[in-house]
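Open your viewer and get ready to click along. We will go from stop to stop, and at each one you will select something and see what is there.

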Amino acid sequence: MTRLVTFADAKGQRLGAMLEGGRLLDLTAAGGAALAGRTADMLALIEGGPSVLAAVKALAANPPAGAVLDAGAARLLAPIPRPRRNVFCVGRNYMDHVAEGDRTRGITNPELPKFPQFFTKAPDTVIAHEDWIPAHDGVTKWLDYEVELAAIIGREGRDIPKDQALDHVFGWSIGNDVTGRDLQRRYGQWFKGKSLDRSCPLGPWIVPADELDALNTGIRCFVNGEKRQDSHTSKMIFDVKEIIHQLSLGFTLKPGDVIITGTPEGVGYAMQPPQTLKPGDVVECEIDGIGRLRNTVRAEG
Ligand code: MN
């Protein structure tokens, strides 16, 4: 499995591919003609298209010795550290999550959404694997987690038919849609509760689209080792193809766009009794075939 990363060390920020045995291939150093001009950042690599991705896979399969680093000496950044546009999000996209949310409002007979419920998070909410999440405890009393499959767009398109939607996906990653529940409700529009600083952990890497059937894989979230969410992406109400189709109607999706596709049941605010994230809590979001995204909540200083 190819795991594409953006990383930083004393020499600065670069692109890489994780290798077995705690090693990291420095794609900027490995370079070569096939990658020329495509290793400035993840967006440049994505825009290089299939031939560049094929060259990366070939390098990862047969890494040049001079370009292999100890992964422990590098710090992972989010695979796309600062998306060019807002992170696109879908709310209420797993039936059991719709039901648990409705239960907190006394609704016992939940209605299926007829269309995806889109909202966004600002680009600068994105943080990396192992970065800290601020508790924002002066602003929200109900900080919560949401593990989500992230689709990274590879090819520009508008009015994308459902049966061509996956052709526009470059790869898959993991997102955590950290939410201030009280703010989400207070302001009507979800943006305020969904776009707190550092509220979008993303990573640890991108797995190329052709290496994972992300529409049929396990998705989980753990808080301090306790399993809170445990579902399957096949349970989405609107699958990734439908999301891309609907989002792209009259709206151009661009390379490097990030779409997080909704969270399954098991969020803290719907637990009995309700649970909120506190300073010191370790949140791990896991998707089979991608990996695990880990972040710790910190009291904001
Ligand atoms: Mn969400």
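**Before you start**

This is a predicted model, in which local features need pLDDT of at least 70, side-chain atom pairs count only at pLDDT 80 or more, and totals for chains, interfaces and linings use all residues. Residues are numbered from 1 along each chain as its sequence is written, and side-chain values use heavy atoms, with hydrogens and water left out.

**Stop 1: helix α3**

Select residues 49-61, which make up helix α3. Helices here are DSSP runs of H or I with at least four residues, strands are runs of E with at least two, and both are numbered from the N terminus.

Now colour G49, V52, L53, A55, V56 and L59, the buried residues of α3. Because they cover an arc of only 155° around the axis, they sit on the same side of α3; the arc is taken from the directions from the helix axis to the C-beta atoms. Buried means under 20% relative accessible area, exposed over 50%, and partly exposed in between, using a 1.4 Å probe and protein chains only. Turn to the other side of α3 and you will find P50, S51 and A61 exposed.

What do the buried residues of α3 pack against? Their partners are β1 (4-9), β3 (23-26), α1 (27-30), α2 (42-47), β12 (169-176) and β14 (200-208). Contact means heavy atoms within 4.5 Å.

**Stop 2: the manganese ion**

Select the manganese ion and show the side chains of E146, E148 and D177, its protein donors, which lie 2.0 to 2.1 Å from it. Donors are N, O and S atoms within 2.8 Å of the metal (3.2 Å for Na, K and Ca); water is not among the atoms, so sites may look incomplete. Along the sequence, the donor residues follow the spacing E-x1-E-x28-D. E148 is in strand β11 (residues 147-153) and D177 is in the loop between β12 and β13 (179-180), so this pair ties together parts 29 residues apart in sequence. Are these two buried or exposed? E148 counts as buried at 0% relative accessibility, and D177 counts as buried at 0% too.

**Stop 3**

Select D131, in the loop between β8 (126-127) and β9 (132-134). Its side chain reaches the backbone nitrogen of A128 at 2.9 Å. Leaving aside neighbours within four places in sequence, D131 is in contact with R198, R294, N295 and T296.

Next, select T125, in the loop between β7 (117-121) and β8. T125 is buried, with a relative accessible area of 2%. Beyond its neighbours within four places in sequence, T125 contacts S195, L196, R198, S199 and C200.

Then move to Q117 in strand β7, which counts as partly exposed at 32% relative accessibility. Again leaving aside neighbours within four places in sequence, Q117 touches C89, V90, G91, R92 and W190.

**Stop 3: charged pairs**

Side chains of opposite charge can pair when their charged atoms come close. A salt bridge here is a side-chain nitrogen of Lys or Arg within 4 Å of a carboxyl oxygen of Asp or Glu, and the count comes to 25 salt bridges.

- Select E20 and R3, whose side chains meet in a salt bridge (3.7 Å, N to O). E20 lies in the loop between β2 (12-19) and β3 and R3 in the segment before β1, so the pair ties together parts 17 residues apart in sequence. E20 counts as exposed at 62%, whereas R3 is buried at 15%.
- Select E242 and K162, which meet in a salt bridge at 3.1 Å, N to O. This pair links distant parts of the chain, with E242 in helix α7 (residues 240-247) and K162 in the loop between β11 and β12, 80 residues apart.
- Select E284 and R294, whose closest N and O atoms are 3.6 Å apart in their salt bridge. E284 is in strand β18 (residues 282-287) and R294 in strand β19 (residues 291-298).

Terms used
The expected span of a helix is 1.5 Å times one less than its number of residues. A polar contact is a pair of N or O atoms within 3.5 Å; within protein, one must be able to donate a hydrogen and the other to accept it, and residues adjacent in sequence count only if both atoms are side-chain atoms.
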